[in-house]
There are 2 protein chains.
Amino acid sequence: MNLYSFILRKGYTSLQNNKLDLQKNKSEKYNKILNSAGAVFAEYGFYKATIAQIAARAGVADGTLYLYFKNKDDILYQFISFKTDVVFKKMNAAVEKGQNAEDKLRNLIRCHLEEFQNDKNMAIIFRSEVRYLRDIEPQIKDISKMYLDLLSDIIEQGQTEGSMRQDLFVGLVKRFILGAVEGVIGTWVSADGRYDLVSMADPLVDLYLTGVRGE
Amino acid sequence: MNLYSFILRKGYTSLQNNKLDLQKNKSEKYNKILNSAGAVFAEYGFYKATIAQIAARAGVADGTLYLYFKNKDDILYQFISFKTDVVFKKMNAAVEKGQNAEDKLRNLIRCHLEEFQNDKNMAIIFRSEVRYLRDIEPQIKDISKMYLDLLSDIIEQGQTEGSMRQDLFVGLVKRFILGAVEGVIGTWVSADGRYDLVSMADPLVDLYLTGVRGE
DNA sequence: TTAGATAATGAATCTTTATTCATTTATCTT
DNA sequence: AAGATAAATGAATAAAGATTCATTATCTAA
């Protein structure tokens, strides 16, 4: 055993993370494993997925996974962390492009649907495995939480502008909005992604804004 | 080995189910196990929950579970089937009590929130384990599906009455409504059920009906 | 070109748990 | 109350699969 693998194997987390961070840029093997894991987790669920499946799909040996990840949990953790970062950056950018609250909301929802449509594995895993992830890694950057914060800002801006009602219970409204998008995404996933998810964005925002009631 | 346990053990499904149906009335042991399973599944998730934990909590031996259930999967299946039946009956009754579409929608949402508030374990399990359940038992009576059908009827009635817009995309609206309730329930669960969920019903329905936009 | 370092392999190990079933205990029947 | 019948027990089994690590392959720099 050499020093490097010693560091990798024993719990020297910070060193290990440094190493892995470097590898995120360098090693396409890291990425290959992560993608394979995404596919396998999405298809079988985290628990039914096996290391052997992930390794086979990535075209590496079982043991190789342990050079890049601490353990099975860590693979899920890295996957979700990475996706969360990417998606959340895009969502922020989308919101910033909007002028008023309605624009911002529309951009956010569209971006959300786009990103999930473009990465069905991620959509499935976010839907199904977040609970487990929070169990193993409570301080995970939680995309729902960040999302809800974005929504708070938008709603408050809307109220200031006068484009949204003053009597809204913001805490409820934001969950209402997030819940509805997630529901729509969940349905799309169940339908195996067979229709265009992004085209739901405008009708959905329309529902948020004006509701179901006739004029 | 006697005939009874022979029947129970080998895959004579229909006989077994008959037996179990009888026992649902007779045996409080069956119910005790099911409740314990609910608590343990809710706390640890289906996979991390062990037979030993469930048995201990029910105050019986591990082997006893196999007199009442085919296997671990079957426990989850029975739990969800039973709860689905109960809840869905109540939801139907609630809807029928309403006169017009708005009343019906309000009753449905209130009933939904009440039932889940009164049974947090069920709320957690429905949220987290339905995917797995569909994997193992695809023909499960799916509460979401039934719920969505209820909503379809309500929305169509609303359109007929003129209390709901004609231009609604019903397929979207119903997922929108269900998604939003589920989101609100999920938040309540995450907050460990510390506030009153049912009081969300009216504000929520108000959002469905009139949306977020100012007048 | 090759010695030393790094990376990858995959068979063997180790742990965890669901499930079984021989045995014991409780319940019923006459 | 004895003899069945049914129910319950929990230690032993067996399978699955995550993780390890001795071995092999690949790379790098002089």
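A residue is called buried when its relative accessible area is under 20%, exposed when that area is over 50%, and partly exposed in between, as found with a 1.4 Å probe on protein chains only. By this rule K83(A) is buried, and D119(A) is buried as well. The structure is a predicted model, in which local features need pLDDT of at least 70 and side-chain atom pairs count only at pLDDT 80 or more, while totals for chains, interfaces and linings use all residues; side-chain values use heavy atoms, with hydrogens and water left out. Residues are numbered from 1 along each chain as its sequence is written, and chains are lettered from A in the order in which they are written.

**Overall build of chain A**

- Chain A has eleven helices and zero strands, where helices (H or I, at least four residues) and strands (E, at least two) are DSSP runs numbered from the N terminus.
- Of the 215 residues in chain A, 51% are buried.
- Among the contacts in chain A with a separation of 6 or more, 67% are between residues 24 or more positions apart, a contact being heavy atoms within 4.5 Å.

**How the two chains are related**

- The same surface serves both copies, since 100% of the contact residues of chain A recur in chain B.

**Helix 4 of chain A**

- Helix 4 of chain A covers residues 51–58, and within this helix I51(A), I54(A), A55(A) and A58(A) are buried.
- Viewed down the axis of helix 4 of chain A, these buried residues fall within an arc of 95°, so they line one face of the helix; the arc is that of the directions from the helix axis to the C-beta atoms.
- The face of helix 4 of chain A that is turned away from the buried side carries A56(A) and R57(A), which are exposed.
- The cover over the buried residues of helix 4 of chain A includes helix 3 (28–44), helix 5 (62–68) and helix 6 (72–97) of chain A.
- After helix 4 of chain A comes G59(A), which has a positive phi, near 70°.

**Salt bridges**

- Over all chains, a search of the whole structure finds 23 salt bridges, each being a side-chain nitrogen of Lys or Arg within 4 Å of a carboxyl oxygen of Asp or Glu.
- In one of them, the side chains of K83(A) and D119(A) meet at 2.8 Å, N to O.
- Because K83(A) lies in helix 6 of chain A and D119(A) in the loop between helix 7 (101–117) and helix 8 (120–136) of chain A, this pair ties together parts that are 36 residues apart in sequence.
- In chain B, the side chains of R110(B) and D202(B) also form a salt bridge, at 3.5 Å, N to O.
- R110(B) lies in helix 7 (residues 101–117) of chain B and D202(B) in helix 11 (residues 201–210) of chain B, so this pair ties together parts that are 92 residues apart in sequence.
- R110(B) counts as partly exposed at 28% relative accessibility, and D202(B) is partly exposed with a relative accessible area of 34%.
- D135(B) and R131(B) meet in a salt bridge at 3.8 Å, N to O, and both lie in helix 8 (residues 120–136) of chain B, four residues apart, which is about one turn of the helix.

**K72(B), a buried lysine**

- K72(B) is found in helix 6 (residues 72–97) of chain B.
- Although K72(B) is buried, this residue has no salt bridge, and the nearest side chain of opposite charge, D73(B), is 7.0 Å away; in this count Lys and Arg are positive and Asp and Glu negative, while His and the chain ends are not counted.
- The side chain of K72(B) reaches the backbone oxygen of Y47(B) at 3.4 Å.
- Leaving aside residues up to four places away in sequence, K72(B) touches F41(B), F46(B), Y47(B), A49(B) and I51(B).

**S27(B), a loop residue**

- S27(B) sits in the loop between helix 2 (13–26) and helix 3 (28–44) of chain B, and at 10% relative accessibility S27(B) counts as buried.
- A polar atom of the side chain of S27(B) lies 3.0 Å from the backbone nitrogen of Y30(B).

Technical notes. Polar contact = N/O pair within 3.5 Å; in protein donor to acceptor, adjacent residues only side chain to side chain.
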